[in-house]
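Work through the following exercises with the sequence and the coordinates open beside you.

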Amino acid sequence: MDALKHSRWVPVAAVALYVAIPVLCSIYYAVFPGGEFSLRAYSVITEDASLAAAATRTLTITVLTVITLVVTLVPALVAVHLWAPKLRPILEILCTLPLVVPPIAIAAGVMALLGMAARQGRGSVPNAISQFLQNPDLPLILVGTYVVLCLPFTFRSIDAGLRTIPLKAMVEGSAILGSSTFGTIFRVVIPNIRGSMLFSVFFAVALCFGEYSLAATLSQQTIPVWLDDVSSNNFRASVAIAVLLNMTTWGLLLVATLSAGRFAPAGRAARAEKKLQKKTTQKALAS
Amino acid sequence: MTQAGAAPAPTQSGAEQGGAAASPAQRPSLFSRARWQGVGSALRSPATLSLLPLSLVLLLFFIVPIVGMAIIAFTVTAEDGSTGVGLDNFMALTSGSHSAAIVNSVQVSLVGSTIAAVIGTLTSFCISQIRSEKLDSVVAVFTSVLANDGGAPLAFSFIVTLGNAGVVYGLLNLGDTGFSLYSWQGLVVMYQYFLIPTMIMVTLPTFVGLRKEWREANAALGGSAPTFWHRVGLPIAMPALLGGWILCFGAAFATHASAAVLIGAGGYPLIPLNIGALLGQAGDSQQVAMALGVTMVAIAVITLFAFNRLQRRSARWMH
């Protein structure tokens, strides 16, 4: 019976090992070149200007994506919850569809449109728009497509968050006190769905840091694309940076998942109950 | 700003203006201001204003590109330069590298998702049997993190581990077994990194949710543990298991980034890799890429539709 009890852990341990080994091997490869501890691989951070440029580009895209995501998604969901519940299913389908369409297919569609616009010839308006969207200093095309890629996950989170608060009473109360609709959304609604907001923001940041398909297809050198480009002549450096990038995205996703759970009403209720139990037992013990 | 409670529906504001006498004959003329007042206020209503930005983003960066892709895929340019609707671009997929890519993609996804489904099911079953709430929540967090893993860092970590000069590759002498990371075997092994967590994430709630009362009822009626799994447990868990399997298939099928970094161009044809390679070329190849893209979306849509149906069936029992 004891053996059976322990054997339950075997598959769990095997999967955990399988997950841990590649990470440990990467770390070993990055900082133990030839068996000696060395951080030489990370000197690329200060020496290679193209990495700094890629990092700046990635950060710019990330900031813009997060802002665009919040500014577009939250008001739309509030509007649907308050004034147009009939539109909710349509919005849900539209926001979930990007999950079904593989990113490389979105990349193909975007390339098709940009190519079509560029073929209109030099100086034409579509060509100018195409150039503007693909500007390597500020590739807005990536910002737009990343917002779309984030939608399936963030829609669900914010939708669930809005359902747990008395949205109508909040908006009406705020309007009576003289606030505009958008003022209400940003000063009353968003602070009340912190958990969903934190999840959305961290998820979006993790996605922007790690996305490769679209950036590579559209020839925009973000950090993941830089990793691939550099790997052919300085593999150790790209592994070293990949370890950093991986740890960062895992950390971000971890915070996202935890904050979604921490501020969720179910979690809040469970914690409140635990606190209450503690208090009552303490009282019982004291008396 | 208008009042938050303002009704956005144009019909309602129209009725307010016209009162009871809003018969068609007395309606203001098409070009008068009164006729369009309702529409104008509807467009300026907070509901429309709030929905507009998201609609614009979805339209510009999702709907138009996908529709454009489909239009190009079905457009055929004749020799005299005229264009028409046809399946020529899809016919190009039936031979050569592209047909190999379709077969390879399906094979890798099928093998990868099946292995992940078996291992994932076994693991989540064991986790549910350990009956530790702490372990359950830790697993839930880690699987949701790992299920979203992928991209260049994943490929690099596997090259370092199982590549031809990899640490584990050398330790286990995998070269003698004929294993190569840069083939379908390598892809299957690498995909497990996010497929197994996906499978555990989908199936663990089902296994944990199998109610104790059902087990007790089974025992009270004289059933053994195998009877329970045969008659109660598996039939209830089956939709979740199948759903997880299909989801894994879809995830493996859509993977581009890690495969592209691992294999590069031309090493082993897969649909996403071929699309990426074709997009980099000029001329007719773009149209073939669009046809491949449409094929991919079609397979993905069928997959998710099946997942949704199965998920709904299992959700009935989980409350």
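**Exercise 1. The nonpolar core.** Identify which residues touch the most other members of the largest nonpolar core, and list the contacts of Ala108(A).

Solution. A nonpolar core is a set of buried Ala, Val, Leu, Ile, Met, Phe, Trp, Tyr and Cys residues joined through C-beta atoms within 7 Å, where buried means that 20 or more other C-beta atoms lie within 10 Å of the residue's own, exposed means 12 or fewer, and partly exposed lies in between, with C-beta atoms placed from the backbone. The largest such core has 167 residues, of which Leu73(A), Ala108(A), Cys150(A), Phe203(A) and Cys248(B) touch the most other members. Next take contacts, defined by C-beta atoms, placed from the backbone, that lie within 7 Å. Leaving aside neighbours within four places in sequence, Ala108(A) is in contact with Met69(B), Ile275(B), Leu279(B), Ala289(B), Met290(B) and Gly293(B).

The model is predicted, so local features need pLDDT of at least 70 and side-chain atom pairs count only at pLDDT 80 or more, while totals for chains, interfaces and linings use all residues. Residues are numbered from 1 along each chain as its sequence is written, and chains are lettered from A and ligands numbered from 1 in the order in which they are written.

**Exercise 2. The interface.** Determine how many residues of chain A are in contact with chain B, and sort them by class.

Solution. The contacts involve 65 residues of chain A and 62 residues of chain B. By class, the side of chain A that touches chain B has 47 nonpolar, 15 polar and 3 charged residues; here Ala, Val, Leu, Ile, Met, Phe, Trp, Tyr, Cys and Pro count as nonpolar, Asp, Glu, Lys and Arg as charged, and the others, Gly among them, as polar.

**Exercise 3. Two helices of chain A.** Find which residues of H10(A) are buried and which of H9(A) are buried, and state what each set packs against.

Solution. Helices are DSSP runs of H or I with at least four residues, strands are runs of E with at least two, and both are numbered from the N terminus. Helix H10 (residues 181-192) of chain A has 12 residues and reaches 15 Å from its first C-alpha to its last, close to the 16 Å expected at 1.5 Å a residue, the expected span being 1.5 Å times one less than the number of residues. In H10(A), the residues Thr181(A), Thr184(A), Ile185(A) and Val189(A) are buried. They cover an arc of only 95° around the axis, which puts them on the same side of H10(A); the arc is that of the directions from the helix axis to the C-beta atoms. The face turned away from that side carries the exposed residues Arg187(A) and Pro191(A). The buried residues of H10(A) pack against helix H4 (49-82) and helix H9 (167-176) of chain A, together with helix H3 (46-74) of chain B.

In H9(A), the buried residues are Leu167(A), Val171(A) and Ala175(A). They cover an arc of only 55°, which puts them on the same side of H9(A). Ala169(A) and Ile176(A), on the other side, are exposed. The buried residues of H9(A) pack against H4, helix H8 (140-163) and H10 of chain A. After H9(A) comes Gly178(A), whose phi is positive, near 100°.

**Exercise 4. An enclosed helix.** Decide how many residues of H13(A) are buried.

Solution. In helix H13 (residues 223-231) of chain A, 7 of the 9 residues are buried, so H13(A) is largely enclosed by the rest of the structure. Trp226(A) and Asp228(A) are among these buried residues.

Note on methods: Two residues are in contact if their C-beta atoms, placed from the backbone, lie within 7 Å.
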